[in-house]
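Me: Please put the structure up, and then let us go through some of its local geometry by question and answer, with the criteria spelled out as they come up.

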Amino acid sequence: MTSGRRALTALHLLLVWALMAAAVPMLGFGLVMAAWGGGEAATVPVVLLGVPLTVGLLATAGTPARTVVPLCGSVPRRLGWAASVFVLGTLGVLAGLAAYRGGVDLGSARTRIALTGAPYAVAAAFFVPNRWVRLGAVTVLAAAVVYGGFVGPAQAQQRRQEAEIARYREHAELLYLGAAPPGMQLSRAEARPASFSVDYRGVREDVFSYVALTVRSPLTSTPRCPDHQEKGVTCTVDAHREMRMVRGLPGGERAVTLVRRYRKAEVEVTSQTLGEPGLRRLLNTLHPLSDEELEKLMREKKIHHGF
């Protein structure tokens, strides 16, 4: 390919890109406005008018490339070429829209508008009978597939995860965990604006065991028993300002609740299956929720937002 043909080919592809980068957003805007004003039926006239007009403009843009693109040598063939480029390029635009809706970063609004012309330029490049031009088109197409199908979605997932972690960390002063008691595992955690609750349940489903851990902002300066206690409930506060409440249950069972201060939070553990020593061991293992633990809970879908 001579330097003149190379320049003409570059100009041809640049013209296709510029024309479609201007026409496609206008066509899309017209479709959106028509649908917004009159529903899906109102988009039919826009399509019937806009698509032939765009193909006609594309065919006109192919006129200077008669010497480098054989399909642009005559009017009928040029119209066929324009229709093919329009269809192939539109498929690329639709793929880009799908990737964008999936969270793939395609840059600013101006960048996205400029990118709408790229699939049409790539499609036009495949009709240039030169292996280097077609190889360049294949390279661009492959790069777009890799980014839109793999790299971009992975980055989008990473951004969503980071945003989710940041949302949980808005109240980091409440995010504390204790080591699961023997024979139990963390089954569910819920983060609320003023509290963080964790449920521990037995590993074996045929054996009932349950412990509830709640971390919240302190309601009083020190833990204290209710002024009016229910029947069957005993409550004491020891010298270390730890509150102990025992509630009698039918069948001779009882539920034990321990409340103590931990840093700037108030922590409560309750269970009717785990004894007081086990609850104290759970309180003694309290520690701030690490990033690794939070990511594991998110990955296992064991942590949720409350309202």
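Me: What is the handedness of the link of Cys225 and Cys235?
Reply: The model is a predicted one, in which local features need pLDDT of at least 70 and side-chain atom pairs count only at pLDDT 80 or more, whereas totals for chains, interfaces and linings use all residues. Residues are numbered from 1 along each chain as its sequence is written, and side-chain values use heavy atoms, with hydrogens and water left out. Taking a disulfide as a pair of cysteine sulfur atoms within 2.5 Å, Cys225 and Cys235 qualify with an S to S distance of 2.0 Å. The angle about their S-S bond is -90 degrees, and the link is left-handed.

Me: How many residues apart in sequence are the parts that this pair ties together?
Reply: Helices (H or I, at least four residues) and strands (E, at least two) are taken here as DSSP runs, numbered from the N terminus. Cys225 sits in the loop between strand S4 (210–216) and strand S5 (233–237), while Cys235 belongs to strand S5 itself, so the parts that the pair ties together are separated in sequence by 10 residues.

Me: Are Cys225 and Cys235 buried or exposed?
Reply: The classes rest on relative accessible area with a 1.4 Å probe and protein chains only, where under 20% is buried, over 50% is exposed and anything in between is partly exposed. By that criterion Cys225 and Cys235 fall in one class, and it is buried.

Me: Why does helix H5 (118–125) count as largely enclosed by the rest of the structure?
Reply: The residues concerned are Tyr120, Ala121, Val122, Ala123, Ala124 and Ala125, and they pack against helix H1 (3–38), H3 and H6. H5 is largely enclosed because, of its eight residues, the number buried is six.

Me: How do H3 and H5 lie relative to each other?
Reply: Axes are lines fitted to C-alpha atoms, for helices over the stretch in contact, and angles run from 0 to 180 degrees between N-to-C directions; under 35 degrees counts as roughly parallel, over 145 as roughly antiparallel, 65 to 115 as roughly perpendicular and the rest as oblique. Helix H3 (residues 75–101) packs on H5 with the axes 8 Å apart and an angle of about 135 degrees. With contact meaning heavy atoms within 4.5 Å, the residues that meet include Trp81 and Val85 in H3 and Pro119 and Tyr120 in H5. The two helices are therefore oblique.

Me: What is the handedness of the crossing in which H1 passes H5?
Reply: The axes of H1 and H5 cross at roughly 145 degrees and come within 7 Å. His12, Leu13, Val16, Trp17, Met20 and Val24 of H1 make the contact with Ala118, Tyr120, Ala121, Ala124 and Ala125 of H5. A crossing is left-handed if the near helix is turned anticlockwise from the far one by less than a right angle, and right-handed if clockwise. For H1 and H5 the crossing is right-handed.

Me: Which residue's backbone nitrogen does the side chain of Asn130 reach?
Reply: Asn130 is placed in the loop between helix H5 and helix H6 (131–168), and its relative accessible area of 15% makes it buried. The side chain of Asn130 comes to 2.9 Å from a backbone nitrogen, that of Trp132.

Me: What is the relative accessible area of Leu289?
Reply: Leu289 is found in the loop between strand S9 (287–288) and helix H8 (291–299). Not counting residues up to four places away in sequence, Leu289 touches Arg169, Leu175, Tyr176, Leu177, Phe196, Leu294 and Leu297. Leu289 is buried, and its relative accessible area is 3%.

Me: How far apart are the C-alpha atoms of Ala265 and Thr222?
Reply: Ala265 is in strand S8 and counts as buried at 0% relative accessibility. Beyond residues up to four places away in sequence, Ala265 touches several others, among them Glu173, Val215 and Arg260. Between Ala265 and Thr222, which are 43 residues apart along the chain, the C-alpha separation is 11 Å.

Me: Is Arg263 buried or exposed?
Reply: Arg263 lies in the loop between strand S7 (254–262) and strand S8 (265–271), and its phi is near 55 degrees, a positive value in a residue other than glycine. With a relative accessibility of 61%, Arg263 counts as exposed.

Me: What is the phi of Lys301?
Reply: Lys301 belongs to the loop between H8 and strand S10 (303–305), and at 63% relative accessibility it counts as exposed. Although Lys301 is not a glycine, its phi is positive, at about 60 degrees.

Key:
A polar contact is a pair of N or O atoms within 3.5 Å; within protein, one must be able to donate a hydrogen and the other to accept it, and residues adjacent in sequence count only if both atoms are side-chain atoms.
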